[in-house]
Amino acid sequence: MLKMQFSQWIEQASEPNKEAVIKALLGAKEAMLGIRYHMRLMGEAAGVLIEPESQTKLLDATLNLEGVLLAGVPGAGGFDAVFAVTLGYSSSNVTKTWSSLNVLALLVKDDPCGVSLESADPRTNEITSAISSIHIE
């Protein structure tokens, strides 16, 4: 399914729960496109390049790659960073494309164990002591 365009995903949904997930993903994609649009408008009104034209072209091209769900400019924008959220193993498509354009991709992947606190993290003591002091009835 990752090899298809997102518009074709809904056609492939064989079960109601899969269709609901696909609709949620498509909703997230549409929301991100709206955010990018409004960030560009805000930047124009303020005279600040939140999403410069060069990044708009890069992000639009990135969104056309297989398996790319979201792409945008984080934070206050500018020329220093962009992001892409990919599904499956499609991050290699982004890495290759960005590399050919002299854009360095720093990959972040999900951990199959979920969210966890590292024992070396100094915040661990505060959190674990707070949890152990909770009394549940």
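Here are some notes on the predicted model above, point by point.

1. Ground rules. This is a predicted model, where local features need pLDDT of at least 70, side-chain atom pairs count only at pLDDT 80 or more, and totals for chains, interfaces and linings use all residues. Residues are numbered from 1 along each chain as its sequence is written, and side-chain values use heavy atoms, with hydrogens and water left out.

2. Helix H2. Start with H2, residues 16–46 (helices are DSSP runs of H or I, at least four residues, and strands are runs of E, at least two, numbered from the N terminus). H2 has 31 residues and reaches 44 Å from first C-alpha to last, close to the 45 Å expected (that is 1.5 Å times one less than the number of residues). Just after H2, Gly47 takes a positive phi of about 70°.

3. What H2 hides. Ile22, Lys29, Met32, Arg36 and Gly43 are buried in this helix (buried means under 20% relative accessible area, exposed over 50%, partly exposed in between, with a 1.4 Å probe and protein chains only).

4. The structure holds four salt bridges (a side-chain nitrogen of Lys or Arg within 4 Å of a carboxyl oxygen of Asp or Glu). One of them joins Lys23 and Glu19 at 3.1 Å, N to O. Both sit in H2, four residues apart, about one turn of the helix. Glu19 is partly exposed, at 29% relative accessibility.

5. Arg36 and its partners. Arg36 forms a salt bridge with Asp60, closest N and O atoms 3.0 Å apart. That pair links distant parts of the chain, with Arg36 in H2 and Asp60 in helix H3, 24 residues apart. Asp60 is partly exposed at 36%. Arg36 also has a salt bridge to Glu51, at 2.9 Å between the closest N and O atoms. Glu51 lies in the loop between H2 and H3 (53–63), so this pair ties together parts 15 residues apart in sequence. Glu51 is buried, at 8%.

6. The strands. All five residues of strand E1 (68–72) are buried. Four bridges join E1 to strand E2 (83–86), and the two run antiparallel (strands pair if DSSP finds at least two bridges between them). Ala71 has Ala84 in E2 as its bridge partner.

7. Lys109. This residue is in the loop between helices H4 (91–100) and H5 (123–132). Lys109 is exposed, at 67% relative accessible area. Its C-alpha is separated by 9.8 Å from that of Thr86, 23 residues away along the chain.
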